[in-house]
Every structure is written in C-alpha cells, then in structure tokens.
Amino acid sequence: MSYFPNVGMGTFIPVDSIVHRIDPRVKIVSVLLLLVFLFVSKNLLHLMPYMVFTGILFYLSKIPIKAVLKGLKPILFLLLFAFLFQIFFTPGTVWFKIGFLAVTKEGVNMALLIGLRLVLLVFLTNLLTFTTSPVSITDGMEELLKFFKFLKVPSHEIAMTMSISLRFIPTLFEEAERIMKAQMARGAEFGTGRFLERIRSYIPLVIPLFIGVFRKAEELAIAMESRCYKGGEGRTRLKKLKLEARDYIAMVIVILFLVANVMWGWF
Amino acid sequence: MIKLIDVSFSYGDREIFDGINMEIGDGEWVALVGANGSGKSTLIKLLNGLLVPTKGRVLIDGMDTRDEGNVWEIRRRVGVVFQNPDTQIVASIVEDDIAFGPENLGLAPEEIRERVEQVLKVLRLEPFRSSPTYALSGGQKQKLAIAGVLAMKPRYLVLDEPTSMLDPPSRRDINKIIKFLYDKEKITVVYSTHNPEEIFYATRVIALSKGTLFFNGTPWEFFSNPERVWKCGVKLPIITHLCYKLKKRGLDLSFPIFSPKELAEELWRLKSKM
C-alpha cells in the first residue's frame with residue numbers, strides 16, 4: 001500500500017494538445033501577464049472576456065473538465081470566506097437586510113469580482129501546470145531568468161535547484177513511506193491523539209527523514225562533481241528551447257487580447 | 001595508466017592510508033577488495049581528484065590530481081559509479097540524466113545527442129529514454145548511472161560496490177554490461193566488491209587492509225589462502241568453501257577449486273585411488 005500515490009509528475013496531465021506543445025516560456029509569460037491584468041481590472045464586466053478566453057484555452061488543452069473543477073477544491077474555503085466577507089462588510093447603498101447584516105450593492109459587486117478573480121487565478125495557473133511538465137517549466141524559468149542577468153540573478157543555479165528538488169520529491173516520499181512503515185512495525189502511531197500529541201507523533205518520521213536528506217544531498221553533490229559539474233559556466237544543453245511560429249502566434253494572441261481588454265476599459 | 005606514488009591520506013587525525021604504491025595499466029580489470037572501513041571508497045575518491053592525497057601523488061595518464069588545472073580532464077577520464085543509484089541520478093528524465101555529464105563538458109547539442117543515443121543503445125535503455133527516472137527499478141537506475149558516466153567517454157570505469165544494493169538478477173545484468181564494456185569497448189575497470197563471483201571477472205585483485213596494500217595478485221592466488229580472503233571481508237565461493245572444509249577433514253584435495261566439475265573430478269580421483 002502506498003500512502004503517497006502519484007507524486008513526482010506534479011499536476012501535469014500528459015495529453016497531446018496545441019496548448020501542451022507551446023513553448024514553456026510563452027506559457028509562463030502569458031499566464032503572468034494575464035494574472036497581472038486580471039488583478040488590475042476593477043470592473044466585473046471586464047472579467048467576462050477572461051472567463052471566455054480561459055475557457056477556450058482549456059477547451060484547446062483537452063484537459064478533462066473534472067480535473068479543471070477539482071483544481072478549485074483547495075481554495076473552496078478561502079473563496080467562500082472572501083465572498084461572504086465582501087457581501088456583508090462592504091459599505092454602500094443597502095440592497096436588503098438579513099437581521100442585522102446589511103447586503104450592499106457594492107458588496108455584491110465586490111464579492112463577485114474577488115470571487116471570480118480567485119477562480120480565474122487558479123484556473124490560469126492550473127492551465128500552466130496541467131499542460132507543462134515540471135521539467136519544461138524549470139527549463140523555461142531558467143531561460144526567462146537569464147533576462148535578469150544584469151541584476152546578477154543566478155538563473156542557472158535557481159533552475160538547477162528547482163529541477164533537483166523536483167527530481168527528489170518521489171525519492172523522499174518513498175523514503176518517508178519506508179520510515180513510516182518501519183516505525184509502525186515498532187509500534188509507532190502517526191496522527192492520533194490531541195493536537196500536540198499528533199504533532200509529536202511525527203517526530204520519529206521527521207528526524208530520520210531529515211538525516212537521510214542530508215546524507216543524500218552529500219552523496220548527490222559528490223556524484224555531480226564526479227560528472228564534471230562546475231556550475232552553469234560553459235555548460236551546454238541537450239534540449240535547447242526553440243521558439244516556433246505557433247509560439248509567436250500564441251504570444252501575439254495573448255497580447256492582442258490584453259490590449260483589446262485595456263482599450264475597452266478606456267472608452 | 002593510473003599511478004599512485006607513496007600516497008598517504010588522512011581525514012583530520014584519522015589516518016586512512018600510509019604510503020601506498022600501485023599501478024593500474026590500460027586494459028586491466030582490477031577488483032578492489034577489503035573489509036568495511038579498509039579505505040576502498042577513499043581510494044576511489046582519490047582516483048578522480050574528489051580527494052587529494054595528504055602526501056604522495058596520484059597520476060592519471062601522467063596528470064597529477066593535485067593540479068587544479070587537470071581536475072576536469074581527470075574526472076572525464078576516470079568515470080566513477082557509486083553504490084547508491086538513487087543519489088547519482090540528477091535529472092527527472094532518463095535521457096536528460098545521461099546528457100548531464102556531456103552538458104557539463106560543454107559539448108555541442110548534436111554531439112550530446114549522438115552520445116546519448118549511443119549509450120542508450122549499448123546499455124539497452126532505449127525503451128526508457130523518456131521515462132521518469134524515479135519509475136525505474138534499482139537495477140535500471142544503476143544502469144542509468146553507468147550510462148551517465150559512459151556518455152563522458154571515460155578511459156577508466158571505476159565502480160564503488162555498484163551491485164551491493166541490487167537483487168541477484170540485476171547484479172548479473174550489471175556485471176554482464178561491465179564485461180561487455182571491458183571486452184568490446186576496451187575500457188579499463190576498477191571494481192570494488194565483496195562478492196566472490198565478481199572478483200573472478202578481474203584480471204587482478206588488489207586488497208586493502210588497515211590502510212596498507214595487503215595483497216596484489218590474480219584472483220586465483222587471492223582465493224588460494226582462505227584466511228586472507230576472510231580478512232578482506234570476502235567469503236569463499238561455495239565450492240571452494242566446501243573443498244576447504246573437506247580438506248580440513250583430511251581429504252587429500254588440491255586447493256583452491258572453483259567449479260563443481262573440478263571438485264567432482266578431484267573426488268573421483270581420490271575414490272579411484274582408494
């Protein structure tokens with residue numbers, strides 16, 4: 001039995017679609033731009049095109065609708081809280097009253113705006129992680145961070161750290177599982193009792209896991225040095241990211257969409 | 001040629017080696033044996049400059065490992081595979097991991113691609129080229145570790161107990177690959193192990209004990225003295241052990257014997273003398 005099924009791929013859903021095939025850099029930049037503009041727009045009406053646009057992208061990506069909706073699960077509570085808070089605690093013209101709680105027109109507007117923004121935030125970031133493997137996201141980040149070289153941003157080091165972390169997630173889960181089973185065989189119980197006891201019960205898992213991590217880190221460093229790793233200087237890549245026609249087209253579409261949306265706000 | 005001249009090494013106050021001399025020529029297969037803590041792993045780290053001797057010199061094709069300028073060329077020539085496959089794999093995808101070494105050497109992408117293909121083929125890892133590395137079995141992971149080293153085209157393949165964490169079928173598989181590389185690719189092999197069968201692949205056995213060179217000779221010579229074998233933390237092959245026991249009980253057998261057939265023939269000879 002496995003306590004941690006299906007880790008390591010993150011949330012990546014490997015199907016073949018046009019969205020999957022777009023260069024990771026284009027996808028990262030597009031999502032970032034869309035998010036910025038999404039949070040700048042103050043008009044509820046202006047969020048509608050974002051909904052439609054995101055919907056089209058999801059349709060093109062062939063991601064099952066179930067996975068899309070499941071992505072909202074972790075933020076459901078936050079969503080509800082923010083929604084109710086805005087509805088009841090925004091001052092303005094009173095629409096109607098429930099007991100002592102006043103629902104204002106501005107409140108409803110604000111609640112919908114914030115709720116929609118949150119939902120779109122999750123949809124857009126999920127669109128990126130659903131359609132791009134962790135490895136390509138890392139590669140894309142490395143290339144993008146190179147633009148900040150003049151700020152002395154260690155782009156290679158950041159990317160290498162990210163990719164090694166990704167690589168070791170499944171290994172560490174495996175190790176955690178092994179330790180848990182070993183400790184359970186000796187009578188340890190995990191996650192029972194009151195709050196403090198429950199936290200304390202994880203110590204027999206966490207301590208050996210940490211010690212193991214440090215040992216692994218050292219062994220890995222030795223193995224990397226043995227394979228001539230000396231940092232990003234003078235290093236080449238097997239797979240070089242290359243922008244193709246469809247990538248430029250995708251970028252242009254996103255920018256046109258944003259420009260159109262901003263101009264709509266002006267008039 | 002790998003040459004150790006009067007090499008001493010210590011971790012702080014703890015002395016590991018004191019004045020070791022040895023040579024490993026091209027085309028040799030050296031089995032490195034010794035009990036746990038005898039310094040095998042330290043010796044291996046001295047060979048590719050991960051450690052430098054506190055006294056004496058380690059020369060790889062004439063290049064001194066203490067010379068900073070040589071260190072990357074030495075590491076390219078002396079490829080090291082370690083015991084734990086899990087902590088040698090850097091990338092999440094098989095072919096990316098094989099490419100890691102060549103990428104570090106700064107080779108052109110086409111050249112890297114060519115080498116990756118070559119190594120995938122030699123080690124029969126082609127079906128796994130795009131697999132995530134965590135999904136491989138222990139034996140396949142160790143194969144991948146060997147692949148990653150081979151892609152740098154080393155002259156010397158140094159393996160630090162590469163099969164000790166594997167099950168017997170994977171172990172045989174790894175040994176077959178190393179044998180192939182030794183026979184066909186003419187790569188020089190240094191192989192540290194406790195396993196008697198693996199020692200027999202070697203052309204020469206070097207045994208370490210308490211920081212000194214304890215034995216240097218053929219596998220046959222090595223196994224002819226059981227006390228010496230045990231002192232190195234190695235067991236006798238089962239047949240040899242049986243032969244040793246029978247001899248101790250007073251049977252007039254020749255020693256050592258390594259194959260069941262030989263033993264049967266010896267026993268037959270004894271029987272016919274009776």
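Mentor: Welcome! Before we start, pLDDT is the predictor's confidence in each residue, from 0 to 100. We need that term here, as this is a predicted model.

Trainee: Thanks! What is the mean pLDDT of chain B?

Mentor: Let's begin with the share of residues that reach 70 or more, which is 100% in chain B. The model as a whole scores pTM 0.83 and ipTM 0.89. For chain B, the mean pLDDT is 92.

Trainee: Why is chain A described as more spread out than a compact globule?

Mentor: Start with its make-up: chain A has 11 helices and 2 strands, and along the sequence they run α-α-α-α-α-β-β-α-α-α-α-α-α. For 267 residues the globule rule gives 18 Å, and chain A is well over that, so it counts as more spread out than a compact globule, with a radius of gyration of 24 Å.

Trainee: What percentage of the residues in chain A is buried?

Mentor: Let's picture the chain first: along the principal axes, the C-alpha atoms of chain A fill a box of roughly 65 × 55 × 35 Å. Of the contacts in chain A with a separation of 6 or more, 72% join residues 24 or more positions apart. To count as buried, a residue needs 20 or more other C-beta atoms within 10 Å of its own. Among the 267 residues of chain A, the buried share is 19%.

Trainee: Moving to the interface, which element gives the most to the side of chain B that touches chain A?

Mentor: The contact draws 27 residues from chain A and 35 residues from chain B. On the chain B side, two or more residues each come from helix H2 (71–77), helix H3 (94–104), helix H4 (109–122) and helix H5 (138–150) of chain B. By class, that side holds 6 charged, 10 polar and 19 nonpolar residues. The element that gives the most, with 6 residues, is H3(B).

Trainee: How far apart do the C-alpha centres of domain 1 and domain 2 of chain B lie?

Mentor: Chain B splits into domain 1 (2–235) and domain 2 (236–274). Contact between them involves 7 residues of domain 1 of chain B and 6 residues of domain 2 of chain B. On the domain 1 side, helix H7 (196–200) and helix H9 (226–231) of chain B each supply at least two residues. The C-alpha centres of the two domains of chain B are separated by 35 Å.

Trainee: Which strands stand at the edges of the open sheet in chain B?

Mentor: This sheet has 4 strands in the order E2-E1-E4-E5 (chain B), with antiparallel pairing. Each edge strand has a single partner, so one side of it is left without a neighbour in the sheet; these are strand E2 (14–24) and strand E5 (63–64) of chain B.

Trainee: Which residue in E4(B) is the bridge partner of Ile2(B)?

Mentor: Strand E1 (residues 2–11) and strand E4 (residues 55–60) of chain B are antiparallel and share 5 bridges. In E4(B), Ile2(B) is partnered by Ile60(B).

Trainee: And which residue takes a positive phi in the hairpin of E9(B) and E10(B)?

Mentor: Strand E9 (residues 204–209) of chain B pairs in parallel with strand E3 (residues 29–33) of chain B over 4 bridges. With strand E10 (residues 212–217) of chain B, E9(B) runs antiparallel over 5 bridges, and Ser209(B) is partnered by Thr212(B). The hairpin has 2 residues between the strands, and the residue with a positive phi near 50° is Lys210(B).

Technical notes: Residues numbered from 1 in each chain as written. Chains lettered and ligands numbered in written order. Predicted model: local features only at pLDDT ≥ 70, side-chain atom pairs only at ≥ 80, totals over all residues. Contact = placed C-beta atoms within 7 Å. Nonpolar A, V, L, I, M, F, W, Y, C, P; charged D, E, K, R; others polar. Rg over C-alpha atoms; globule rule 2.2 N^0.38 Å. Buried ≥ 20, exposed ≤ 12 C-beta atoms within 10 Å, placed from the backbone. Domains from an automatic or database assignment. Pairing = 2+ DSSP bridges.
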